Amino acid sequence: MGRMKSMTQRIRSSSSRFSRILGVGSYRPGNVVGNEEICALIDSDPEWIEKRSGIRTRHFADADETIPVMGARAAEKALSAAGLTPSDVSCVILCTMSYLYQAPPAAAACVAELGARGAAAFDLGAACAGFSHSLAVARDLVACGQSEHVLVVGAERMSDIVDPRDRSTAFIFGDGAGAAVVGPADEPGIGPVVWGTDTEHLGAIRQSRSFAEVRGDPLARWPFLEMAGPEVFRWAIGAVAEVCRQALAASGVTVRDIEAFVPHQANVRIVDAAVKALRLPASVEVARTVREDGNVSGASIPLALDTLAAAGRVRPGALVLTAGFGSGLSYSAQVVVAP
Ligand code: UT7
């Protein structure tokens with residue numbers, strides 16, 4: 001009984017704080033691929049791609065730009081922006097949908113690359129909603145006193161899992177990484193997450209078959225990612241704004257309090273539709289990095305946030321609305337204070 005009481009006291013004393021993003025960073029592979037190059041392998045044209053998706057370029061990683069390496073480079077920048085070093089990191093959550101090793105986890109390899117010795121490390125799979133899901137977990141790990149500084153890393157090599165000859169996906173996705181350091185704060189810096197899964201569309205974005213099916217069969221097709229684009233598009237046009245509305249309400253703020261909108265970058269038309277449906281004031285900075293980066297899945301939100309911050313388009317302390325959505329169909333949204 002006495003031991004239980006001291007445990008209760010100990011937990012109470014460490015769980016009365018808030019958390020916030022202390023710094024962000026990003027990494028883009030050097031290889032920039034334009035629409036013309038993509039069209040060499042699919043029946044399409046560069047103007048169609050730009051008109052239907054907003055995408056003009058994307059980055060494709062070289063062999064040595066692995067997910068742990070790109071994640072570590074983005075993380076170094078986020079740590080440096082926060083005035084921290086890898087030894088300050090107690091936990092790394094790495095979200096990805098394109099890591100092709102089951103073991104060791106990408107987060108563990110990222111910890112090794114970063115030199116964050118001893119940090120806890122785990123991968124989180126929620127496809128393109130991975131970053132906003134991970135941020136929700138990091139927020140509570142810090143707020144409840146479990147961890148001091150949690151590194152949230154989104155890193156993708158979508159070029160490994162997308163078929164360059166599939167005209168419904170080849171032009172959309174890109175590679176890269178983004179990271180955010182979450183640490184303790186006196187005021188709330190990350191609002192409650194609003195999240196869920198719409199399993200009516202479970203198969204709308206999926207790996208075509210299990211790796212088990214192609215095992216030992218040299219003639220088997222690689223299990224590429226498949227997407228029912230129009231189905232996801234129609235869903236996103238309605239759902240993203242609704243989830244954002246709920247996230248604003250959960251944080252007790254309105255669109256008039258928001259200075260920037262950084263949704264997952266899937267298609268500029270989805271971003272524009274959400275801006276319109278939410279009636280965001282014209283003064284709100286809106287991320288449209290999908291134009292240059294394509295859809296970088298779990299990395300897109302931190303990449304976009306870092307891009308806006310580096311350009312001086314989001315001031316430190318500004319309220320930013322974020323929302324992720326993707327395969328599942330999974331979604332999550334929250335309001336955050338910019339670092
Ligand atoms: O990150 C996870 C979440 N993912 C998303 O949010 C992706 C959501 N989906 C989309 O962004 C859009 O659906 C796409 C950009 C993938 C496609 O745009 P769309 O406006 O939905 O085009 P569509 O698939 O409805 O195709 C329209 C037309 C069709 O021709 P018809 O039937 O009108 O004659 C297609 O055959 O465009 C044709 N088409 C193409 N034309 C040139 C389809 N793909 C291509 C192509 N190039 N690559």
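User: Is Ser332 buried or exposed?

Analyst: In this predicted model, Ser332 has a relative accessible area of 0% and is therefore buried, since buried means under 20%. The residue is found in strand E14, which covers residues 330-337.

User: Which partners does the side chain of Ser332 reach?

Analyst: The side chain of Ser332 makes a polar contact of 2.8 Å with the side chain of His133, and it also reaches the backbone oxygen of Ala129 at 3.5 Å.

User: How should I read salt bridges, and how many does the structure hold?

Analyst: The general idea is that side chains of opposite charge can pair when their charged atoms come close. The structure holds 14 salt bridges, among them the pair of Glu113 and Arg73, whose closest N and O atoms are 3.1 Å apart. This pair links distant parts of the chain, with Glu113 in helix H5 (residues 106-114) and Arg73 in helix H4 (residues 67-81), 40 residues apart. Glu113 is partly exposed at 33% relative accessibility, and Arg73 is partly exposed at 24%.

User: Which parts does the salt bridge between Arg206 and Glu226 tie together?

Analyst: In that salt bridge the closest N and O atoms are 3.5 Å apart. Arg206 lies in strand E9 (residues 205-207) and Glu226 in strand E10, so the pair ties together parts that are 20 residues apart in sequence. Arg206 is partly exposed, with a relative accessible area of 41%, and Glu226 is partly exposed as well, with 30%.

User: Which residues do salt bridges with shared partners join into one network?

Analyst: Glu50, Arg56 and Glu292 are joined in this way.

User: What makes the nonpolar surface patch?

Analyst: Leu100, Phe211 and Trp222 make a nonpolar surface patch of about 260 Å². Trp222 lies in the loop between helix H7 (211-214) and strand E10 (225-227), and at 34% relative accessibility Trp222 counts as partly exposed.

Notes. Residues are numbered from 1 along each chain as its sequence is written. This is a predicted model: local features need pLDDT of at least 70, side-chain atom pairs count only at pLDDT 80 or more; totals for chains, interfaces and linings use all residues. Side-chain values use heavy atoms; hydrogens and water are left out. Patches are made of residues with over 30% relative accessible area and no salt bridge: like charges are joined within 9 Å, nonpolar side chains (Val, Leu, Ile, Met, Phe, Trp, Tyr) within 5 Å. Accessible areas come from the Shrake-Rupley method with a 1.4 Å probe; for residues, only the protein chains shown count as cover. A salt bridge is a side-chain nitrogen of Lys or Arg within 4 Å of a carboxyl oxygen of Asp or Glu. Helices (H or I, at least four residues) and strands (E, at least two) are DSSP runs, numbered from the N terminus. Buried means under 20% relative accessible area, exposed over 50%, partly exposed in between (1.4 Å probe, protein chains only). A polar contact is a pair of N or O atoms within 3.5 Å; within protein, one must be able to donate a hydrogen and the other to accept it, and residues adjacent in sequence count only if both atoms are side-chain atoms.
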